[in-house]
Amino acid sequence: MSSSEVTCEAPSLKPLEDALAELLASVAPLDRRELRQIHDTQDCILAEDIHSNIDVPGFDNSAMDGYALHIGSEHAEAGENFRLVGQAFAGQSHHGAVAPGECIRIMTGAEVPSDCNAVVMQEQCSVDGDTIHVQNSVKLGNNIRLRGNDIAEGDSVLKQGQRLNPAKLGVLASLGIAEVQVFKPLTVALFASGDELRAPDEPLDPGCIYESNRFVVQGMLQRLGMKVMNLGIIKDDPAALEEAFLKAAATADAIVCSGGVSVGDADHTKDVLAKVGQVEMWKLAIKPGKPFAFGRVQGIPFFGLPGNPSSAAITFHQLALPCLCKLNGELTPHSLSLQLAAPQAIRKRSGRTDFQRGVLTYDNNGQLQLEVFNQQSSGMLSTLAAANCYIKIERERGDVTAGEDIEVIPFDRWMI
Ligand SMILES: Nc1nc2c(c(=O)[nH]1)N[C@H]1C(S)=C(S)[C@@H](COP(=O)(O)OP(=O)(O)OC[C@H]3O[C@@H](n4cnc5c(N)ncnc54)[C@H](O)[C@@H]3O)O[C@H]1N2
Ligand code: MOO
């Protein structure tokens, strides 16, 4: 094997955009659906398009507590009087005619009688027995919420692939839809490899560290609503890794492993992947996370995250997560991105797209203020935990001077 094949040097690194496009193209939604009661679908991915079978609101109704008027002309004049002939409450409509110059007492949400053409709020009226005196002029249509003005029958309301959130659940309920088709959540097998790794409740032997990558990745998977099959810590032993890979592939829809994807003598992940499956991608122009690997084990997508804690978290977030969402049937959401002036000089070597960590806040004058951490080591997790945004710096760019434009990407809710 030539030296260029065994190192992670820049010329052989795949640009991040190409890698992500290839990864997304190589996974197809699993398309496993289930019918669920909407109260049990928070954060589920909708597996059908939703059209409305009804108008919302279903009838013209009052936006105010007050009086529904039958104005006999273009508008009611300030000081005009109307004779009170009935009342309407939400759920209890008024039946009977309302002639020009007449009105009914009406509450917010009550049906506006077809004879009435405006509602005036009670604060703008004075009452004298059954005579209602309007203090200001009243326009036709005033304070009437028209049938179907929120959602009309036949409207396309929600799309397959959207993630259900509280407002979307409310919309479904407002349409009288009690159950919907959603995609069954993915099961993702997760493990960390490394002889030095210890669980947080284990004694720390000399030269060992507490394992953290599974907790970071599991946290994001849980927030995504996916099921995690946690296979624990696997030794740097090809046979143990092979067993874990095959066990994962037999049950899970995708496999995520951290560690052992670089070129060290104990880095077996990629060789084992090649033995029991295929390596389809390795070494990307991303910092941190260069030795990221992707492949398949018995057809199941395999994401090999670099072991360094920030590398594992960021490659999972930037590369594995979009693919898992696609497998899960979710439409790719757009992430927010801001162009800001660099607040300080930022060190950057050309050749990889950097995802530096920082904090975006407001200063005392309400202006956005960015802090880019000085420490950007991929071995550090504390700075990622303190951050709320990435500073994404393009592959070809070198050092950034203060004041130059940079891209700032606030963390989405999977990362923060
Ligand atoms: N000669 C070279 N060495 C390295 C290169 C290279 O190109 N040539 N690349 C470096 C880069 S960049 C990265 S990133 C790392 C990735 O290496 P591995 O994926 O093989 O990861 P490990 O060697 O297993 O571990 C790296 C580091 O992270 C710690 N670690 C591992 N797993 C966990 C975990 N689950 N929780 C917490 N910490 C973990 C591990 O102890 C090591 O310190 O390779 C560089 N080397
Ligand atoms: O690609 Mo590594 O994550 O820089 O240490």
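**Close-up views of a predicted model**

**View 1. Contact between helices α5 and α6 in the predicted model.** From α5, the residues Pro238, Leu241, Glu242, Phe245 and Leu246 meet Thr269, Asp271, Val272, Lys275 and Val276 of α6. Sorted by class, this contact of α5 with α6 comprises six nonpolar residues, one polar residue and three charged residues.

**View 2. Packing geometry of α5 and α6.** Helix α5 spans residues 238-251 and helix α6 spans residues 269-276. The two helices pack at an angle of about 55°, and their axes lie 10 Å apart. Because of this angle, α5 is oblique to α6. The crossing in which α5 passes α6 is right-handed.

**View 3. Hairpin formed by strands β10 and β11.** Strand β10 (residues 125-128) and strand β11 (residues 131-134) run antiparallel and are joined by four bridges. Within this pairing, Asp128 stands opposite Thr131 of β11. Two residues lie between the strands of the hairpin. In the turn, Gly129 has a positive phi of about 65°.

**View 4. Surroundings of ligand 2.** The shell around ligand 2 consists of Lys287, Pro288, Gly289, Lys290, Pro306, Asn308, Ser311 and Ser378. By class, the residues of this shell divide into four polar, two nonpolar and two charged.

Definitions and conventions
Residues numbered from 1 in each chain as written. Chains lettered and ligands numbered in written order. Predicted model: local features only at pLDDT ≥ 70, side-chain atom pairs only at ≥ 80, totals over all residues. Axes fitted to C-alpha atoms, helices over the stretch in contact; angles between N-to-C directions. Parallel < 35°, antiparallel > 145°, perpendicular 65-115°, else oblique. Left-handed = near helix turned anticlockwise from the far one by under 90°. Contact = placed C-beta atoms within 7 Å. Nonpolar A, V, L, I, M, F, W, Y, C, P; charged D, E, K, R; others polar. Near = placed C-beta within 6 Å. Pairing = 2+ DSSP bridges.
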